[in-house]
Amino acid sequence: MSQSTSAPSLLADVAERTALTYVEAFLGLLLAAATTDVVDLSFLQSAAVAAIPAGLTVVKSAIGSRLGQVGTASWLPAKADRDLRL
């Protein structure tokens with residue numbers, strides 16, 4: 001697979017990972033704030049704090065794009081990623 005054909009799939013992979021991490025963190029913070037006394041965040045504060053792990057996901061994905069299977073943000077070595085798909 002050439003670099004030009006893998007770029008769109010890599011960007012889609014990074015975007016999916018980032019968006020889902022943001023949603024999971026945001027919902028987790030909302031649930032924690034609503035059900036415990038440990039977290040006391042408003043809706044907007046939860047939205048802002050959830051951006052931190054989403055941003056870290058972009059960094060992690062950028063590193064993974066260099067370490068793992070071409071065209072993905074996975075950290076798995078290319079051989080291990082192929083073996084898991086079988």
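**Close-up views of a predicted model**

**View 1. Aromatic pairs in the whole structure.** A search of the whole structure finds two aromatic pairs, where rings of Phe, Tyr and Trp (its six-membered ring) pair if their centres lie within 6.5 Å, and planes under 30 degrees apart count as stacked, over 60 as edge-to-face and the rest as tilted. The rings of Y22 and F26 have centres 6.1 Å apart and planes at 5 degrees, so this pair is stacked. This is a predicted model, in which local features need pLDDT of at least 70 and side-chain atom pairs count only at pLDDT 80 or more, while totals for chains, interfaces and linings use all residues. Residues are numbered from 1 along each chain as its sequence is written, and side-chain values use heavy atoms, with hydrogens and water left out.

**View 2. Y22, F26 and F43 as one aromatic cluster.** Both Y22 and F26 belong to helix 1 (residues 3–35), where they are four residues apart, about one turn of the helix; helices (H or I, at least four residues) are DSSP runs, numbered from the N terminus. Y22 counts as partly exposed at 28% relative accessibility, whereas F26 counts as buried at 14% (buried means under 20% relative accessible area, exposed over 50%, partly exposed in between, with a 1.4 Å probe and protein chains only). F26 also forms an edge-to-face pair with F43, at 5.2 Å centre to centre and 80 degrees between the planes. Because F26 lies in helix 1 and F43 in helix 2, this pair ties together parts that are 17 residues apart in sequence. F43 itself is exposed, with a relative accessible area of 53%.

**View 3. A nonpolar patch on the surface.** The patch is formed by V59, I63, L67 and W75, which together have about 390 Å² of accessible area, from the Shrake-Rupley method with a 1.4 Å probe, where for residues only the protein chains shown count as cover. Patches are made of residues with over 30% relative accessible area and no salt bridge, with like charges joined within 9 Å and nonpolar side chains (Val, Leu, Ile, Met, Phe, Trp, Tyr) within 5 Å; a salt bridge is a side-chain nitrogen of Lys or Arg within 4 Å of a carboxyl oxygen of Asp or Glu. I63 is found in helix 2 (residues 43–67) and, at 39% relative accessibility, counts as partly exposed.

Conventions
Helices (H or I, at least four residues) and strands (E, at least two) are DSSP runs, numbered from the N terminus.
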